[in-house]
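Welcome! Let us take a friendly walk through this structure, one part at a time.

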Protein chains: 2
Amino acid sequence: MEPKSKHSGRGSGSSDPARSGESRDPAALLTSARAGDRVAVGRLLSMIERGGEPAREIGRLAFPETGGDEHVLGITGAPGAGKSTITDRLISSVRESGKKVGVLAVDPSSPFSGGAILGDRIRMQGHALDDGVFIRSMATRGHLGGLALAAPEAIRLLVAVGMPIVLVETVGVGQVEVEIAGEADTTIVAVNPGWGDAIQASKAGLLEVADVFVVNKADRPGAAETRRDLETMLDMDGTMREWRPPVVLTDASSGAGIAELWERLVEHRDYMIASGDLERRRKDRILGEFRRVLLWKLEQKVRALESGDTFRSVRDRLLDRTIDPYTAADELLTSSE
Amino acid sequence: MEPKSKHSGRGSGSSDPARSGESRDPAALLTSARAGDRVAVGRLLSMIERGGEPAREIGRLAFPETGGDEHVLGITGAPGAGKSTITDRLISSVRESGKKVGVLAVDPSSPFSGGAILGDRIRMQGHALDDGVFIRSMATRGHLGGLALAAPEAIRLLVAVGMPIVLVETVGVGQVEVEIAGEADTTIVAVNPGWGDAIQASKAGLLEVADVFVVNKADRPGAAETRRDLETMLDMDGTMREWRPPVVLTDASSGAGIAELWERLVEHRDYMIASGDLERRRKDRILGEFRRVLLWKLEQKVRALESGDTFRSVRDRLLDRTIDPYTAADELLTSSE
């Protein structure tokens, strides 16, 4: 099923469908996308989500064009923390700096991908007519592993077609979501005022991935205490870090604190470049992705093995208890070499 | 490091160390273990936990002797639900029926394996001098995957050396623990009275694995409500099951309700045999294990790949962004064929 993108039908290029037409050629689509054709961007993202050879081809073309000046920002935190509103405000901050921005909203709990399916996205409609903003939701196509594999490819595509800032927002704080948000150049963790929210963040492993903390809805009671809780946890954090994550109080719905947040994000980016951490983090990230791809390919191999004649023979003897599971695995793997 | 087994030094055979001696020969140890040598049983379990060729040899010898009349019972539930006390009572029930029983306490959160390290095990000391009872703790050796792989082998060993009833108790309700307990012939899920406990059980995926529910500490307020909550959730459960899990109220510390629980367990066993479900469940279990073993072997292969010359070359070009992660994975896998 082709996901529908509410946004892809707007902005420049959308009035001229002939530019991307019905093309499925990755190279041609990339050229159109770079020229500002939003339909082409949406189509390329759909191809990445579907996987297979077209996705690989896009990856081969996009990958060499990344790893430069782009800044990938991840934003995570419990549902209700106000991540979408923060994202919305940050889009404006980026736009004020004159740069184009891509937004990827990752929602493993939703079966739908596309442009503006999530209710929260509606708040970003203020940017819908801005050609410098491309917003896209990505959902679980089949399995979580697929999303974790597709997200970095989607980010690279947005960079390769001319968006030097990419915001990746995850809906919840599940393992995959934290992993995806944590693989950014700068990861923002949003919490709300209130007893225990900081502790919940710690439990979800957010303390480890955070480069910048946001206490959002800071007009509510308990904001100062939540900031203090976070600072205390950072004090107790055994690992000596050169960069201590700042804690910024915001009220994203009014825009209060967003200017300071944007400053901290730019500072973190500068620190990462100066310290060499950006280079190191990117290397680790690519090697981590490489490892996931390897494992995924091996899993595909297991699935392929499970349909052959040898499999049936091994399986029958296993179920008769003539051979044990390890001997069976050895036989099957030897047969495939 | 050789895990110490407090139990393995007791009971028959322990007074004659020459019987198992320092032997590391799986076949010889199995013969001793079958003759009642508890030191040999403990040693075989340690070898299974350590893995490698000796573990495989034990598996090859033990596997064909399983899949018969044995009854494997899993017991899981949140910490504090009273699983150890229930297990303790069930040991007595089994012994009254005249059969030998093996008990495996699986604790992924503990780095220690062996006989009686967990505090809870102390309650089972009443059985420590009973030759018909063998109790053993199994912990995470290195990684959770290792425990999930070793547990079925340990269960089969206990069956192969003459224990037709095996109780597998998990300490918590983590994914691996639920998986291990859920792979029994009959799975008991223990909850306590109190608002929300039934819902927690549902969230942890316990509703799906339960064959028999126990509301333990049923002398406390709310037992009837918890039973009703469970019954309601079973009513709502969309999947039509022929066997509807009964809900038994117990107070394991006084022994109340244990006779009824034992009756339900025997009934489930009879149902499983008559319906053909036992055969089907065992087949699914073996195929599931086979799949895990295959994946584990492939992971080993990835690790091996990550140390060769090709890996270094591929890695360097990947980090230079000359090739993308998928192309890199293909190159590495092709080189290893």
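In this predicted model, strand E2 (residues 101–107) of chain B pairs with E3(B) in the parallel sense, over seven bridges. Within this pairing, B:Val106 stands opposite B:Met138 in E3(B).

These two strands belong to an open sheet of seven strands in chain B, whose order is E3-E2-E4-E1-E5-E6-E7, with parallel pairing. At its edges are strand E3 (133–139) and strand E7 (247–249) of chain B, each pairing on one side only. From one strand to the next, the twist averages 20°. As background, strands of a sheet pair through backbone hydrogen bonds, either parallel or antiparallel.

Helices pack on this sheet too. Helix H4 (residues 83–96) of chain B touches several strands, including strand E1 (71–76) and strand E4 (165–170) of chain B, and its direction makes about 175° with that of E4(B). Helix H6 (residues 175–182) of chain B touches E1, E2, E4 and E5 of chain B, and the direction of H6 makes about 165° with that of E4(B).

Now to the nonpolar core. Which residues have the most contacts inside the largest one? They are A:Phe290, A:Leu294, B:Phe290 and B:Leu294, in a core of 38 residues. The elements that give two or more residues to this core are helix H11 (277–305), helix H12 (309–319) and helix H13 (325–335) of chain A, together with H11, H12 and H13 of chain B. B:Leu294 shows how the chains meet here: among the residues it touches are A:Val302, A:Ala329 and A:Leu332.

Charged side chains come next. Over all chains, a search of the whole structure finds 45 salt bridges.

| Salt bridge | Closest N to O |
|---|---|
| B:Arg282 and B:Asp185 | 3.7 Å |

B:Arg282 counts as buried at 6% relative accessibility, and B:Asp185 is buried with a relative accessible area of 1%.

Methods:
Residues numbered from 1 in each chain as written. Chains lettered and ligands numbered in written order. Predicted model: local features only at pLDDT ≥ 70, side-chain atom pairs only at ≥ 80, totals over all residues. Heavy atoms only, no water. Pairing = 2+ DSSP bridges. Helix = DSSP H or I, 4+ residues; strand = E, 2+ residues; numbered from the N terminus. Axes fitted to C-alpha atoms, helices over the stretch in contact; angles between N-to-C directions. Contact = heavy atoms within 4.5 Å. Core = buried A, V, L, I, M, F, W, Y, C linked by side-chain atoms within 4.5 Å. Buried < 20%, exposed > 50% of the residue type's maximum accessible area, 1.4 Å probe, protein only. Salt bridge = Lys/Arg side-chain N within 4 Å of Asp/Glu carboxyl O. Lists of a residue's contacts leave out its neighbours within four places in sequence.
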